[in-house]
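Subject: the model we talked about

Hi,

Here is the structure I promised to pass on.

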Protein chains: 2
Amino acid sequence: MTEAPLFSTKQRILGAAEDLFARHGFTGASLRQVTAAARVNLAAVNYHFGSKDKLIEEVFRRRLDELNARRLAALARVTAKSMVSLEDVLDAFITPALELSLDRSGGSAFVRVLARAYAEHNEHLRKFLSDNYGHVLHEFAAVFAGLLPHLAKEELYWRLDIVAGALTYAMADFGVIKRRDGQSERDFRERAALHLIRFAAAGLRE
Amino acid sequence: MTEAPLFSTKQRILGAAEDLFARHGFTGASLRQVTAAARVNLAAVNYHFGSKDKLIEEVFRRRLDELNARRLAALARVTAKSMVSLEDVLDAFITPALELSLDRSGGSAFVRVLARAYAEHNEHLRKFLSDNYGHVLHEFAAVFAGLLPHLAKEELYWRLDIVAGALTYAMADFGVIKRRDGQSERDFRERAALHLIRFAAAGLRE
DNA sequence: CTAAAATTCAAACGATCGTTCGAAGCAAAC
DNA sequence: GTTTGCTTCGAACGATCGTTTGAATTTTAG
């Protein structure tokens, strides 16, 4: 927790790992590929992070801390209003991630990493994500539960899981797709968010 | 192309590979794990399939041949009608896959394998799938294009790609999720298909 | 029954994996 | 200048990977 130079060894490793994990998966990308791309020594990973698993966790932490903070801030803004709609809550969940997916500095790669995490059945990784960011999903789930009182708690939870996964995959593809030439990024983002919110709302309502 | 005993070495390998690829990914599951689960010798994979990559292809071929045949049959049934709706075409695409995901004999594992394939950016695998099943997507795309004349061809194609990926991920999760106790499988399937079709329609229309 | 073809087997190949180690390099503190 | 602590480095560790080999075994054909 000292200084964090923009191009320190740690940051270069994290950036290269993010890119290679997105392209080849967690087991598919080796530490030798990562360190070569980051132009650092192989042993630097275990020196700075301890292990490959810890490096993977740090790749998530670097982005998820901010992403989930934005989601919670947006959720708080929504629940402060007098009338709360399902679409508002979904917007609070989706828009921060969509902004990240359209970010230039590695954000699009990270969203693809996130999509891979959903595909993984990795016990260790699931537990890490649940331990560190489960409270965010719980806060959203609580608001959803108030808006969808007809759904049993168990039913609501797995619907949220499916919806979140499908949204994550869709946003991951945005990171690869090239936008139409004439279309502005803001226009693209707003239209994509609209479609995703419609899908999620349809999937959550009875 | 000779006989195909139900529990031949080849079939046992394919079944074990499907299950392990779903759980640990293509690079994450080793041939030693696969052959151990199939209770066959390690060398049997290279004898019967030639290589791990060819085995992966065969895991796809075994299921996709039937899945895409059903999709095309359903599409033909739809286009034979006088009035064709966007929802009809989506139903022809989604329902066969949803039935597969709820199949008991390995189908649910395969849909998770399919979801992994979407997450993979693997050049070789993408080319194999495109070469062997690209014509199915082209047939659907042609019908979609007729129903959505306002969309440019390029725009339509990447929307279809995103929608197909998101649907695949959602269906993959169905394979893991346990149904509510009181709910029949038919009821569950029809309701899920309805939600997925709504999402896809919203994503494809302007 | 016997020869031939197909299949299974144990064992090993070289390559690559994540990880570890001690020396070398380098900064700041005294 | 010397010491101290942090970082980088080349080299190697044992483990595991996909693949290959040749002999043993089973199945098929004549």
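**Where the two chains meet**

Helix α6(A) packs against helix α6 of chain B (residues 107–119) at an angle of about 165°, and their axes are 10 Å apart. That makes the two roughly antiparallel, α6(A) to α6(B). The crossing of α6(A) past α6(B) is left-handed. Please keep in mind throughout that this is a predicted model.

The residues that do the touching here are Ala115(A), Arg116(A) and Ala119(A) on the α6(A) side, and they meet Ala115(B), Arg116(B) and Ala119(B) in α6(B). Sorted by class, this contact has four nonpolar residues, two charged ones and no polar ones.

Stepping back to the interface of the two chains: 26 residues of chain A are in contact with 26 residues of chain B. On the chain A side, the elements that give two or more residues are α6 (107–119), α8 (153–174) and α9 (185–204). Which of them gives the most? That is α8(A), with nine residues. By class, this side of chain A has 11 nonpolar, seven polar and eight charged residues.

**How the copies are related**

Chain A can be laid on chain B by a turn of 180° with a shift of 0.0 Å along the axis, and the RMSD is 0.0 Å. That is the relation of a two-fold axis. The interface fits in with this: 100% of the interface residues of chain A are also interface residues in chain B, so the copies meet through the same surface.

**Helix packing inside chain B**

I looked at two helix pairs within chain B, and α8(B) takes part in both.

For the pair with α6(B), the axes of α6(B) and α8(B) come within 8 Å and cross at roughly 145°. This crossing is left-handed. From α6(B), the residues in the contact are Val111(B), Arg112(B), Leu114(B), Ala115(B) and Tyr118(B). They meet Gly165(B), Thr168(B), Tyr169(B), Met171(B) and Ala172(B) in α8(B). The contact of α6(B) with α8(B) divides into seven nonpolar residues, two polar and one charged. Ala115(B) turns up here and also in the contact with α6(A), in case you want to click on it.

The other pair is α8(B) (residues 153–174) with α9(B) (residues 185–204), packed at an angle of about 160° with axes 10 Å apart. That makes α8(B) roughly antiparallel to α9(B). Their crossing is right-handed. In α8(B), Arg159(B), Val163(B), Leu167(B), Ala170(B) and Phe174(B) are the ones in contact. Across from them, α9(B) brings Ala192(B), Leu196(B), Ala200(B), Gly203(B) and Leu204(B). By class, the contact of α8(B) with α9(B) has eight nonpolar residues, one polar and one charged.

**The DNA**

Now to the two DNA strands. Which residues are closest to DNA strand C? Among the 16 residues that surround DNA strand C, the closest are Ser30(A), Ser51(A) and Lys52(A) from one chain, and Thr9(B) and Asn41(B) from the other. The elements giving two or more residues to this surface are α2 (31–38) and α4 (52–79) of chain A, together with α3 (44–48) of chain B. By class, the surface near DNA strand C has eight nonpolar, five polar and three charged residues.

The surface near DNA strand D holds eight nonpolar residues, five polar and three charged.

Over to you!

Cheers

Note on methods. Residues numbered from 1 in each chain as written. Chains lettered and ligands numbered in written order. Predicted model: local features only at pLDDT ≥ 70, side-chain atom pairs only at ≥ 80, totals over all residues. Near = placed C-beta within 6 Å. Helix = DSSP H or I, 4+ residues; strand = E, 2+ residues; numbered from the N terminus. Nonpolar A, V, L, I, M, F, W, Y, C, P; charged D, E, K, R; others polar. Least-squares fit on C-alpha atoms with pLDDT ≥ 70 in both. Contact = placed C-beta atoms within 7 Å. Axes fitted to C-alpha atoms, helices over the stretch in contact; angles between N-to-C directions. Parallel < 35°, antiparallel > 145°, perpendicular 65-115°, else oblique. Left-handed = near helix turned anticlockwise from the far one by under 90°.
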